[in-house]
Amino acid sequence: MNKFTLGVEEEYMVVDPVTRELASHEQKIVEAAQKIYKDQVKAEMHQAVVEVGTGICRDTEQARKEIGQLRNTVAQLAGEEGFKIGAAGTHPFSHWEKQLITDHPRYSNIVNELQEAARSNLIFGLHVHVGFQSRELAIHIANQVRYFLPHVFALSTNSPFWEGRNTGYKSFRTKVFDKFPRTGIPDTFNSIEDYDNYVKLLIKTNCIDNAKKIWWDIRVHPFYETIEFRICDCPMLIDESMAITALLQALCVKLYKLRLQNLNFITYSRALINENKWRAARYGLDGNLIDFGKEMEVNCRNLILELLDFVDDVVDDLGSRDDINYIQKILESGTGADKQLAVYEQTLSYPAVVDYITSQTLINTV
């Protein structure tokens, strides 16, 4: 099973501990962190964002250790500059108009092309890479695993607030990102050549200058032999990030195992999967998703329990039992969005929600 390696990326907000607003750290945190981790800590388009990424990890245990170290180090370096970091899909009340854009040609080009859609894209995600022995196999698995994206996304929902408003969504982050081109659930591709030809056509016709400007919820990575899952909000707790990582890895391995037995999971259309994605964004775990096999609505939590049963026979081989078991805890106690909403209901204070987020970000990171 060692070919199903992992890479985990998280995006954190940089917060002023007094005002609790997002703050520009002028890349000082990134510059300090790069002396320790080189390119594992990066700037993002907005100066109030810090992105971290693990190396290639054998399993979730190694990924947990690396993400824990990265969260702690970035938090410590932020503290030295007078800031805190927080893990959530959106900041509860800061306005994007006040946030500075990082001075870099890549970001200048994106802002120039996408204008307000780019400037307002003040969001924080979790990206999980799962390694395959070939891109041919990766595209086959990516086609099938698309169906499960809304289920996993529902577990990650952690962005109910936007600019000081309760949006009514458990994940408003995805609604903000929808303004970008080439986002959301992708179509299926018949082969890796089919996908590569699509990319070449977009480059040839000046739609994009490289394949990294394809921002779908899942993509076969343009350079690495990985599937990159991009649909999830950045979870508050490292336990949540690792549970989601374990589930995505187990799904890939389960679908691969079925393929070895000449069994395929049904590939559903983008239009159908989008119905479930919308429900997951709106209601998180509290809504119904559609079981397209049965052609009926089913409680989201029940579908996730079915999903855990579906992957159960590969989990022990992957060594991720402890991490995947945490999904039961998420089902019982709610997602980051549910917890943020509860804090706001108790306090009627957005700064109190920010304090809660920053306090949770370092729990169990050691």
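The model is a predicted one. The largest nonpolar core has 129 residues, and Phe229 and Leu247 touch the most other members. Helix H9 supplies the largest share of this core, and H9 also packs against helix H12.

**The nonpolar core**

- The largest nonpolar core contains 129 residues. Within this core, Phe229 and Leu247 are the residues that touch the most other members.
- Helix H9, which covers residues 238-260, gives the core 14 residues, the largest share.
- Not counting residues up to four places away in sequence, Leu247 touches Val152, Leu155, Leu307, Leu308, Val311, Ile324 and Ile327.
- As a general background point, nonpolar side chains in soluble globular proteins tend to be buried together.

**Helices H9 and H12**

- Helix H12 spans residues 321-333. The axes of H9 and H12 are 7 Å apart, and the angle between the two helices is about 120°.
- The crossing of H9 with H12 is left-handed.
- On the H9 side, the contact is made by Asp239, Glu240, Met242, Ala243, Ala246, Leu247 and Ala250. On the H12 side, Asp323, Ile324, Tyr326, Ile327 and Ile330 take part.
- Sorted by class, the residues of this contact are nine nonpolar, three charged and no polar.

- Thr60 is part of helix H2, which runs over residues 60-80.
- Is Thr60 buried or exposed? Thr60 has a relative accessible area of 0%, so Thr60 counts as buried, the cut-off being under 20%.
- A polar contact of 2.7 Å joins the side chain of Thr60 to the side chain of Asp323.
- Neighbours within four places in sequence aside, Thr60 is in contact with Leu6, Met242, Thr245, Ala246, Gln249, Gly319, Ser320 and Asp323.

**Two residues with positive phi**

- Glu163 is not a glycine, yet its phi is positive, at about 55°. Glu163 sits in the loop between strand S6 (161-162) and strand S7 (165-166).
- Glu163 is buried, with a relative accessible area of 12%.
- The side chain of Glu163 makes a polar contact of 3.3 Å with the side chain of Trp96. Residues up to four places away in sequence not counted, Glu163 touches His91, Pro92, Phe93, Ser94, His95, Trp96 and Glu97.
- Glu163 and Ile141 are 22 residues apart along the chain, and their C-alpha atoms are separated by 38 Å.
- Asn206, another residue other than glycine, has a positive phi near 60°. Asn206 lies in the loop between helix H8 (192-204) and strand S9 (215-216).
- Asn206 is exposed, with a relative accessible area of 70%.

**Two buried loop residues**

- Ser134 lies in the loop between strand S5 (125-131) and helix H5 (135-145). Ser134 has 18% relative accessibility, so Ser134 counts as buried under the 20% cut-off.
- A polar atom of the Ser134 side chain lies 3.1 Å from the backbone nitrogen of Leu137.
- Ser134 and Tyr224 are 90 residues apart along the chain, and their C-alpha atoms are separated by 9.2 Å.
- Gly89 is found in the loop between strand S4 (84-86) and helix H3 (105-114). Gly89 is buried, with a relative accessible area of 0%.
- Which residues does Gly89 touch, not counting residues up to four places away in sequence? They are Ile123, Phe124, Asn158, Ser159, Arg173, Asp233 and Cys234.

Definitions and conventions:
Residues numbered from 1 in each chain as written. Predicted model: local features only at pLDDT ≥ 70, side-chain atom pairs only at ≥ 80, totals over all residues. Heavy atoms only, no water. Helix = DSSP H or I, 4+ residues; strand = E, 2+ residues; numbered from the N terminus. Buried < 20%, exposed > 50% of the residue type's maximum accessible area, 1.4 Å probe, protein only. Core = buried A, V, L, I, M, F, W, Y, C linked by side-chain atoms within 4.5 Å. Contact = heavy atoms within 4.5 Å. Polar contact = N/O pair within 3.5 Å; in protein donor to acceptor, adjacent residues only side chain to side chain. Axes fitted to C-alpha atoms, helices over the stretch in contact; angles between N-to-C directions. Left-handed = near helix turned anticlockwise from the far one by under 90°. Nonpolar A, V, L, I, M, F, W, Y, C, P; charged D, E, K, R; others polar.
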